[in-house]
Amino acid sequence: MVKYICKRIVLMIPLFIGITFVIYFLSSLAPGNIVDNMASSNPDMTQEQIDQLYIDYGLNKPIVVRYVNWLKDLAKGDMGISYRTSQKVSIMVGQRIGPTIMLTGTSLIIALLIGIPLGVLSAMKPKGIFDNIASVLTFLGSSLPNFFVALVLIFIFAVKLKVLPSSGMYASGQAHTITALAVHLILPAGVLGFHIMGNFIKQTRGSMLEVLNEEYIKTARSKGISEGAVIIKHALRNALIPIVTQISLMVPFLIGGAVVIEQIFGWPGLGTLMNISITARDYPAIMGVAVVISIVVLLSNIVLDLVYAALDPRISYT
């Protein structure tokens, strides 16, 4: 197992380089940069000063050379200095990664806690009430855009009913308690979880329908084992393997959705930092966020491979 993990980590290195290079390349191709922003805000700046700024920021060098220099600094643990705030990017990212993990993790838990049981119930009685509810939620979750659901819920619960806050992690002047954080987390995590919940309902239902028709399930029932034990111990455990695959596919989707949700709800995470950095052409900060997201996605695939082995003893990694 240790050998397998080490092998996967080694294979992650070229993949990581490829991902970060593409992001670096596309960011550099975007119109405008930090020097252009400075020049537009200071009309009195001379061409000589502008040329010197290009040299100071290293923007006069080819993209490949800049990327290699950035990669060398990253290997030393240096993500660079933000153009916008003049802070270390590592510090800025470190301050934001916690809220993003909290938001995406809570969203995933909400989606799993609702999606898996509802998928199981709908598979047990097809065309029943739970199956109809599951179909409606799956349709709404996959068809309604995140931002639309977020705005509707803000209007209902924050504007009209005034029972939930509409933005931030804490209210101004409010004590930073777990209760206050949980209240502020309900809407953004609920919206993000609702958007992916339909995928888990659909996957669980399909997997359970397939497993429930297997011979070993019929054998278990013929032995007089209770229906609950048959469903949970025998059927659900085998049906979870495709669901784990679905989780691995949802991790990048969650992070991408968090960029939009954090912006709408003013959640101080990596998504908000990414939006601000893109607007300001703050390339070091953009790459810092990209590094964290890439590592999280790549590592999550390794973790889920280990979960496969735990769920199915037939799977072994050498």
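Predicted model: local features only at pLDDT ≥ 70, side-chain atom pairs only at ≥ 80, totals over all residues.
T100 has its place in helix α5, and, once residues up to four places away in sequence are set aside, T100 touches E262, W267, G269, L270 and G271.

Helix α5 covers residues 89-124, and its 36 residues, at 1.5 Å a residue, should span 52 Å, a value with which the 51 Å between its end C-alpha atoms agrees. Along its course α5 bends by about 30° at R96, and a proline, P99, follows within four residues of that position. An α-helix has 3.6 residues a turn, so residues three or four places apart point the same way.

What does α5 pass in a right-handed crossing? The partner is helix α8, which α5 passes with that handedness; by class, the contact between these two helices has 23 nonpolar, 9 polar and 1 charged residues. Helix α8 is made up of residues 178-212, and the axes of α5 and α8 come within 4 Å and cross at roughly 35°.

Leaving out neighbours within four places in sequence, A239 is in contact with S207, M208 and V211. With a relative accessibility of 0%, A239 counts as buried. The C-alpha atom of A239 is separated by 51 Å from that of P62, and the two residues are 177 residues apart along the chain.

Another buried position is S277, whose relative accessible area is 0%. S277 has its place in helix α11, which covers residues 270-279, and, apart from neighbours within four places in sequence, this serine is in contact with D282, A285 and I286.

The loops show another side of the model. Most residues other than glycine have a negative phi, and most peptide bonds are trans. Against that background, S86 has a positive phi of about 60° although this residue is not a glycine, and its place is in the loop between α4, residues 63-75, and α5. S86 counts as exposed, at 57% relative accessibility. K162, which is likewise a residue other than glycine, has a positive phi near 55°, and K162 lies in the loop between α7, residues 146-160, and α8. Because exposed here means a relative accessible area over 50%, K162 belongs to that class with its 67%.

These local views can now be set within the whole chain. How many helices and strands are there in the chain? There are 12 helices and 0 strands, so that, read from the N terminus on, the elements run α-α-α-α-α-α-α-α-α-α-α-α. The C-alpha trace spans about 85 × 55 × 35 Å along its principal axes, and, of the 318 residues of the chain, 41% count as buried. Among contacts between residues at least 6 apart in sequence, 71% join residues at least 24 apart.

Technical notes:
Residues numbered from 1 in each chain as written. Heavy atoms only, no water. Axes fitted to C-alpha atoms, helices over the stretch in contact; angles between N-to-C directions. Helix = DSSP H or I, 4+ residues; strand = E, 2+ residues; numbered from the N terminus. Left-handed = near helix turned anticlockwise from the far one by under 90°. Nonpolar A, V, L, I, M, F, W, Y, C, P; charged D, E, K, R; others polar. Expected span 1.5 Å × (residues − 1). Bend = angle between axes of the 7 residues up to and from the residue. Buried < 20%, exposed > 50% of the residue type's maximum accessible area, 1.4 Å probe, protein only. Contact = heavy atoms within 4.5 Å.
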